[in-house]
Amino acid sequence: MQVLKPLPMSMSGREPSTTVTWIQVLYMEPSSSSVSVSGQERIGIDSKYEQEGKVQFVIDAMYAMAHALHNMQRDLCPDISGICPEMELAGGKKLLKYIRSVSFNGSAGTSVTFNRNGDAPGRYDLFQYQWNNVTGAGYRVIGQWTETLQLSMEELQWPRGELEIPSSVCSLPCRAGERKKVVKGMPCCWHCEPCDGYQYQSDEFSCKLCAYNMRPSMNRTSCQPIPIIKLEWHSPWAVIPVFLAMLGIIATIFVMATFIRYNDTPIVRASGRELSYVLLTGIFLCYIITFLMIAKPDVGVCAFRRIFLGLGMCISYAALLTKTNRIYRIFEQGKQSVTAPRMISPTSQLVITFSLISVQLLGVLIWFGVDPPNIIIDFDEQRTTNPNQARGVLKCDITDLQIICSLGYSILLMVTCTVYAIKTRGVPENFNEAKPIGFTMYTTCIVWLAFIPIFFGTAQSAEKLYIQTTTLTISMNLSASVALGLLYMPKVYIIIFHPELNVQKRKRSFKAVVTAATMSTRLSHKASDRPNGEAKTELCENVEPSSPAAKTKYVSYNDVVI
């Protein structure tokens, strides 16, 4: 049934004589009888009834409904006391609008309102657990929340007596170069993880890897090109090889000029003028390669590197091999026959030398055809774990294996020449250059035996470019300097400072020279058997040119003993 009853003043907040508000109460009852309520019922202090603590919210809810119906009736039925047809047809949505618009003082004496979402405003007392010297530890009110936060800052206490307000957030914002790793189930909390290695921060939540030729910027928010480097002329790795090469070039030019100036003197002729000039040319190229190895790489420089890398050594050791082979054949032939061996003339020696050199040139031409020279930027060589130290190396497209292959033929000539130097080590020093050549080859072998482990042992080093280039150029400079110093400096010294020794000796027949060399060798082996270590040498120096035993062409002593 419906019961219409006027509200008291405490409900409407107005005098009953001026405003009458009706509340429509719907309820089910077991019989047709009705229970009337006078409105004057009260629960006194002496009553046995104990009210539930949440009853005030029920009371406020009923008052909110009553105020909404009162306002709705006033607007829709201004001239009617009670419910009119417009009010019956209004519907729940319109009633909800009135409910959300009410504002009155509730049973607890506080204002009752609703926000646009239909929620009642929160009211909270804020407590802080504090220590007090008088009362001890306990909770103390420090503020309230009623739509806005109201704090008594002077009432707050912070740990360790700090005065500055500590930050009260789940997670601080991540710095540049750090991505957010959100905590599962807590979208407002995250961990900051730095982008490491070659990664950069692509967005708030992810890191991405920079391109192969790029590295992250200092704050890791973007990528930037990796700097390109090369071996600079002012680098300490280049200064030492260049200095040695310049000294070597000056010395080589000086020796060559001396030989040209005294081209017809006995010492120059005895040295084999033609092969000497070829050998000096090879030594000169060994020094020149230093400048090509340090120069800024381009297609032209890379092409010249391929040509001259092994050519200088090839020319040098081809000439030395031809010399040692000639000495060996002369004295081996002399032990068996008085006939001079074939191809010992200067022209023949040049033909043999250039034939050996042509093999190196042919290999270089094949290399050009299979793999044309080119330049590359190697980002792997100095790709360190620290991106700030990463560098791209500008260099020629020549691998370590190709360098060794280019030098391999020259090393083969060097080893062969060393073998012949060992075979001719017993020939007396007065008769040939075998021993100086032998010392030259022994020293050169030691130099290159030290070069190989250093060259390949630094293949994984970040300083590979500098170490390998310096090692290679210094090894070639030392090889050229050893040959120049042991083979030519003694001759230049005699030519310039002791010209009295640079005179023509009397001629002997080929047989006389070989016989003297053979006997001298044998007697030198028997010297230890003589008293006091003395050995007398009786050489057959009086063989007449017209005798049948010496029917061979006469050659100069100096020409025979090259």
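In the predicted model, strand β15 (residues 375-382) and strand β16 are joined by five bridges and run antiparallel, with D378 standing opposite V393 of β16. Strand β16, which spans residues 391-396, also pairs with strand β14 (residues 228-229), here in the parallel sense and over two bridges; within this pairing, I229 has V393 as its bridge partner.

Helix α11 (residues 434-457) packs with helix α12 (residues 464-487) at an angle of about 175 degrees, and the two axes lie 9 Å apart. Because this angle is over 145 degrees, α11 is roughly antiparallel to α12. On the side of α11, the contact is made by P436, I437, F439, T440, T443, T444, V447, W448, F451, I454 and F455, whereas α12 contributes residues including I467, L472, M476, V482, L486 and L487. By residue class, the contact of α11 with α12 comprises 16 nonpolar and seven polar residues, and no charged ones.

The loop between α10 (400-423) and α11 contains E433. The relative accessibility of E433 is 9%, so this residue counts as buried, the cut-off being under 20%. Although E433 and T324 are 109 residues apart along the chain, their C-alpha atoms are separated by 8.3 Å.

Terms used: Residues numbered from 1 in each chain as written. Predicted model: local features only at pLDDT ≥ 70, side-chain atom pairs only at ≥ 80, totals over all residues. Heavy atoms only, no water. Axes fitted to C-alpha atoms, helices over the stretch in contact; angles between N-to-C directions. Helix = DSSP H or I, 4+ residues; strand = E, 2+ residues; numbered from the N terminus. Parallel < 35°, antiparallel > 145°, perpendicular 65-115°, else oblique. Contact = heavy atoms within 4.5 Å. Nonpolar A, V, L, I, M, F, W, Y, C, P; charged D, E, K, R; others polar. Pairing = 2+ DSSP bridges. Buried < 20%, exposed > 50% of the residue type's maximum accessible area, 1.4 Å probe, protein only.
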